[in-house]
Amino acid sequence: MGKVAVGLSMSLDGFIAGPNDGPGNPLGDGGLRLFNWWSAGSERIGPDDRFKPPARSRPVVEEMFGCGAIITGRRTFDIAGGWGGHHPLGAPFFRLTHEPPAEHVGPGTEGTVVTDGIESALRQARAVAGGKTVAVGAADVAQQYLKAGLLDEIHIDLVPVLLGGGVRLFAGLEEHPFELNCDRVVESDGVTHLRYQVVS
């Protein structure tokens with residue numbers, strides 16, 4: 001059975017998007033700097049020219065594109081415009097929500113709506129992932145899986161910027177201490193890739 005992992009670019013002060021994020025400003029004020037490393041190389045990975053990571057980042061990015069399914073939340077989905085029904089990583093995605101969207105899910109897309117909780121989303125994602133990693137692609141959803149003891153790994157692409165505010169990956173965990181074990185550090189151009197195993 002594949003692992004369940006969250007992986008996101010993050011500022012040194014802990015934000016995955018800057019202040020005032022929304023559909024018209026997807027990464028918030030200053031948040032685009034979190035993704036400059038994605039285009040700092042010369043060779044493309046994935047479906048379009050936006051994905052040209054530096055050479056030392058390529059194994060990490062190839063691992064991302066090797067996931068078998070993605071679980072995301074309503075807010076991330078809405079801000080991204082539902083990715084047009086096809087996630088950039090090229091894997092089927094499962095959108096957790098209480099209110100199904102009108103588009104970008106269902107027949108003709110790679111998106112499935114899940115309205116009955118995180119455990120159901122994980123079962124469905126694993127059913128199509130073929131033993132590969134299930135990626136969790138939203139902060140609030142990652143927090144839910146972490147609190148439920150269902151998250152195996154945390155992948156941080158740490159970018160040397162300070163955003164001063166915005167969306168935190170680890171908000172709302174004050175009453176839930178966790179032990180982590182760092183088992184990979186990759187220093188690259190404009191980013192340091194960190195991987196942690198969730199111990200308890």
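**Surface, fold and an aromatic cluster**

The chain exposes about 9,800 Å², and carbon and sulfur atoms supply 52% of that area; accessible areas come from the Shrake-Rupley method with a 1.4 Å probe, and for residues only the protein chains shown count as cover. The model is predicted, so local features need pLDDT of at least 70 and side-chain atom pairs count only at pLDDT 80 or more, while totals for chains, interfaces and linings use all residues. Residues are numbered from 1 along each chain as its sequence is written, and side-chain values use heavy atoms, with hydrogens and water left out.

The chain contains four helices and 10 strands. Helices (H or I, at least four residues) and strands (E, at least two) are DSSP runs, numbered from the N terminus. Along the sequence they follow the pattern β-β-α-β-α-β-β-α-β-α-β-β-β-β. The radius of gyration of the chain is 16 Å, close to the 16 Å from the globule rule for 200 residues, so the chain is as compact as a globular protein of that length. That radius is taken over C-alpha atoms, and the rule is 2.2 Å times the number of residues to the power 0.38. Along the principal axes, the C-alpha atoms fill a box of roughly 40 × 40 × 35 Å.

Of the 200 residues in the chain, 45% are buried (under 20% relative accessible area, with a 1.4 Å probe and protein chains only). Among contacts (heavy atoms within 4.5 Å) with a separation of 6 or more, 60% are between residues 24 or more positions apart.

As for charge, the chain has 17 positive and 24 negative side chains, and the centres of the two sets lie 3 Å apart. Lys and Arg count as positive and Asp and Glu as negative, with His and the chain ends not counted. Each charge is placed at NZ of Lys, CZ of Arg, CG of Asp or CD of Glu.

The structure holds six aromatic pairs. Rings of Phe, Tyr and Trp (its six-membered ring) pair if their centres lie within 6.5 Å; planes over 60 degrees apart count as edge-to-face, under 30 as stacked and the rest as tilted. W38 and F51 form an edge-to-face pair, 5.3 Å centre to centre with 65° between the planes. Both W38 and F51 lie in the loop between β2 (15-17) and α1 (58-65), so their pair ties together parts that are 13 residues apart in sequence. W38 and F51 are buried.

F51 also pairs with F65: the ring centres are 5.6 Å apart and the planes at 70°, so this pair is edge-to-face. F65 lies in helix α1 and F51 in the loop between β2 and α1, so the pair ties together parts 14 residues apart in sequence. F65 is buried, as is F51. Ring pairs link W37, W38, F51 and F65 into a cluster.

Conventions. Buried means under 20% relative accessible area, exposed over 50%, partly exposed in between (1.4 Å probe, protein chains only).
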